[in-house]
Amino acid sequence: MMPTISRYRPLKEIYVAKNKADLLQGTLDMLILRALSLGELHGYGVIQRIRQLSDEMLNVEQGSLYPALYRIEQKGWVSARWDVHDTGREAKFYKLTRTGRKQLETEEASWDRLVLAIAKVRQAT
Amino acid sequence: MKWFNIIRDRLRALRQRETVINEIDREMRSHVELQVEANIRAGMSPREAREHAMRTFGNVNRAVDAAYDVKGGGFFETLLQDIRYGARMLAKHRAFTIIAVITLALGIGANTAIFSVVNELLLRPLPFRDADRIVMLWEVNPEGRHQNSASRANYRAWRAQTSSYQYLAAFSYQRYNLTGNGEPEELSVQFATPDLFKVLGVDPLLGRTFLPEDDGDGKPPVAVLSYALWQRRFGGQPSIVGQPITLNGVKYTVIGVMPSNFQFHMKQRSGTGRPPDLWSILPMPLDSNERGRFLATVARLKDNVTVEHADAELRTIAARLADEFPQFNKNFSAEVLPLREQFFGNVRRPLWLMLGAVGFVLLIACANVANLLLSLATTREKEIAVRAALGARRGRIVRQLLTESILLALFGSVLGLFFAWLGIKALVAISPRDLVSLQTVGLNVTVLLWTLGVSLLTGIIFGLAPAFHISRLNLNDSLKEGGKSEAGQATGSRRLRNALVVSEIALAVVLLASAGLLIRSFIRLQQVDRGFQTDNILTMVVRLPESYKEDPQVIGFFSQALEKVRQLPTVRSAGIINFLPLYGGMGSSTGFKILGQPEPPTGEGPGCDVRVVDADYFPTMGIPLLRGRNFSRAELREPKHVILINEALARTYFSGTEPIGQRLDVLMFDTPQPAEIIGVVGNVRYDSLIDESPPAVYFPHPDLTYSFMTLVIRTDGDPTAIAPAVQREIRTLDPNQPVSDVRTMNQVMSEWVSRSRFNTLLLGLFAGLATLLSAVGIFGVMNYSVALRTREIGLRLAVGAQPRQVLLLVLRQGLLLTIVGVVLGLAAAFALTRLLASLLFGIGAVDTTTFTTISILLVIVSLLACYLPARRAMRIDPLRALRYE
């Protein structure tokens, strides 16, 4: 599954595929949480942050980002508020909550386990 | 937290759709603006920057929609859409809707009605504080009869030796005459020891209840009024507290009034089933009656004591008492019974059975509606295929179909509530008198919640199978064929439909078998040789107050009254007895000795029922004199020490010898008082129609004078017509003397069998409903099957099949389903009717006659149901059938 996340197969694919695998949905959630773990951001900022952190490899589409953000907000992992951006524009800012931080830890831990497992399988062949 | 947020968002989306969408829109817009700014910073021209931003964003509307879905607008909107769509669908298929709603309403209504009774009697807490801590204490007599009254001596011993109870109280019922201000009236009085109200944990509405100081010799008598008596007799005046009232000629001071919802009543203890009108202190003198068993005992358990512990303790004490006083307590044991068990123990099983029965009816209704939905679905195949082709996922289609079926169930439950309301009224009207507090049964919140739950559940049950079935349809086939055809009908659908009909029939068989068993028992009960006649007999109770001090006064009153009554027009004969057959309460019984025979060891001698009568009682009731003679006039004037015995006593103790002239010492007196047997009369079932008559002796009134007697009057024609005249005659003898319990003997009988009749009637009704519904079910399936096979049948007819053969073809198909259903149903009935055993009389729970009869009945009913579709098949026009489609 890992290879599908690439510059040329945008993450939107993953969003569409969510009905087939919750795993991928979880991946997007994890990326968003990770982006927010470094500080409060608006939606646009989340996309930019993920791009930056992935060395421009991951480009999350808006159409996938907002449903994911709202869902995460309903789960209580982030809180949201409207504020004025430093350029003078208003934007909705998202902030990681305490439960969100815990969720990020568990998701990353299980992700690490998965990566490790897949690596082992690949080495074996 | 998560669920709370989701629900909050969804509700907000429902209420403020615009606001929610605007906010999402605003956020998206701000996103684009940020992108634009970034682009400009990266060196694009403003126009270029905007175009690029819009391009990267993609379809804004779609993004808003996707986000809105999460925000929950989608959920309720889809729901509303589905409901609107479902309502349109139901309106379009009006015939289907009406049949389905009525079917469901019958099932749900019956369920609601029975549940409301179950809720009232078995689930709702009793109206006492911590009612689960209240228990009854009883003796168990040597014959194993439970709930036997306790003697004063034993009650005292229990009280002294137990440590399980916070409070303990004894009570017994009496009938006292209330005189002064208005008509004399006979009241039902509960005499209790002072702690009764502490045991029950109920405070008075006015004044106070008993205090320890109220008890004891020479204390002024006190009375606590029931709310009903206070309202009826004293106009609800609060000033009644502290006032004197006259009971049996003695002044009692009213000390309190109980609240309207308070009642503590044990029908089987009270004689005629009337709840207490007032409470007074039960005197507990140490006198000759110390060992007579007439007390009921109620107690409140200490907090840390279980019922089992209390029961074990009481049994130990009873065993000790039996050792200590064998002449009184040999072979007697004791038991502790929770109060709810006391009140409703005997109705619990029938009630759960009834709830089970209506559950079956509801299942049948569900199967029927599921079948209807399946048939309807075939005509909707194309519609659903189109939806699927346009991208509706399977879950979405199932959801929409389920919304429709739940909508149907909700409509059904609205009509069902109306049926339930009617049903409850009918239930209360026909319920036996001893089903206490049924008057308060009604549609309350618990019942409404139950109905709502039941209807949602039924909606899902009958909707699920069709919904899944349809959503599995093959898209291509349905679109191509564009409607119904036998080829497009997957065998799966036919199999499902057949399975539904088979289970309907099986369920109906179980109900019919149960109802059949009850009906047969009921008929047997009616046919029992009870030993007396019931037609044209009027009965009424006269209870003389204590002012009639001497026996001759009492005897004189009754013989004068009888003389006057006998002279009334249409009266053929009139007599008296102390305890009328089947009057609904207890009689008296005791031991006896046969003079000249060796005396058996204490506690093991023979026993008999004891009745007190005059000579005319026997001809009036149609009880035959088998040997010897009836009481003479002289024997009815003063004690001559003579008795009559019944056939059972003669046969048991004088088989082969002549009973007439023998002398019995019946142990009813302080000193031995042997009496001579002068005649033998026929057996009468006094206590119950079910049990054989035990041995009994009849004393003439002067030998054993009771101050309350029941008049029995045989008339020409309607006996009730004479009642006012009889009451008038009694009042000319004593203007302060009321009569009570004016009933015909037929009414007495009918009240005695009322519970059995009630159960039979209800179960019969449910079984009838079940049969009707399954007939409708089998009709629907066969009708539909014929419609599907129109072409095939047309072809058969075209190539020379006789219409009769077609008829048989259809009937055979229906018959096969019925027989499978009946066989399965009989198997279930064999397993389940055992639960009815305690309600049956004279037949076993597996009764071949009943089972055969109902099987034949069901086969006939289903053949009738198949006949209409079969006739339709027979009349198919081959030409039109082949051109069909």
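**A walk through chains A and B**

Arg124(B) sits in the loop that joins α6 (94-123) to β1 (134-140) of chain B. Helices here are DSSP runs of H or I with at least four residues, strands are runs of E with at least two, and both are numbered from the N terminus. The model is predicted: local features need pLDDT of at least 70 and side-chain atom pairs count only at pLDDT 80 or more, while totals for chains, interfaces and linings use all residues. Residues are numbered from 1 along each chain as its sequence is written, and chains are lettered from A and ligands numbered from 1 in the order in which they are written.

Arg124(B) counts as partly exposed because it has 15 C-beta neighbours inside 10 Å. On this scale, with C-beta atoms placed from the backbone, a residue is buried if 20 or more other C-beta atoms lie within 10 Å of its own, exposed if 12 or fewer, and partly exposed in between. Between Arg124(B) and Thr446(B) there are 322 residues in sequence, but the C-alpha to C-alpha distance is 9.6 Å.

Chain A has five helices and three strands, in the order α-α-β-α-α-β-β-α from the N terminus. Of its 125 residues, 33% are buried. The three strands make an open sheet in the order β1-β3-β2, with antiparallel pairing; two strands pair if DSSP finds at least two bridges between them. β1 (41-42) and β2 (78-84) of chain A are at the edges with a single partner strand each, so one side of each has no neighbour in the sheet. β2(A) and β3 (residues 90-96) of chain A are joined by seven bridges in the antiparallel sense, and Ser79(A) is opposite Lys95(A) in β3(A). In the loop between α3 (43-53) and α4 (62-74) of chain A is Glu56(A), which has a positive phi of about 70 degrees although it is not a glycine. Glu56(A) is exposed, because 10 other C-beta atoms lie within 10 Å.

Where the chains meet, 21 residues of chain B are in contact with 17 residues of chain A, contact being C-beta atoms, placed from the backbone, within 7 Å. On the chain B side, α1 (2-15), α2 (17-41) and α4 (60-71) each give two or more residues. That side has eight nonpolar, five polar and eight charged residues, where Ala, Val, Leu, Ile, Met, Phe, Trp, Tyr, Cys and Pro count as nonpolar, Asp, Glu, Lys and Arg as charged, and the others, Gly among them, as polar.

Further along chain B, Ile519(B) belongs to helix α17 (residues 491-527). With 16 C-beta neighbours inside 10 Å, Ile519(B) is partly exposed. Leaving aside neighbours within four places in sequence, Ile519(B) is in contact with Thr760(B) and Gly764(B).

The axes of α18 (residues 551-566) and α21 (residues 723-733) of chain B come within 10 Å and cross at roughly 140 degrees. The contact uses Phe557(B), Gln560(B), Ala561(B), Lys564(B) and Val565(B) of α18(B), and Val726(B), Glu729(B), Ile730(B) and Leu733(B) of α21(B). These residues divide into six nonpolar, one polar and two charged. Axes are lines fitted to C-alpha atoms, for helices over the stretch in contact, with angles from 0 to 180 degrees between N-to-C directions.

Asp741(B), in strand β22 (residues 739-744) of chain B, has a positive phi near 50 degrees without being a glycine. Asp741(B) is buried, because 21 other C-beta atoms lie within 10 Å.

Conventions. Contact = placed C-beta atoms within 7 Å.
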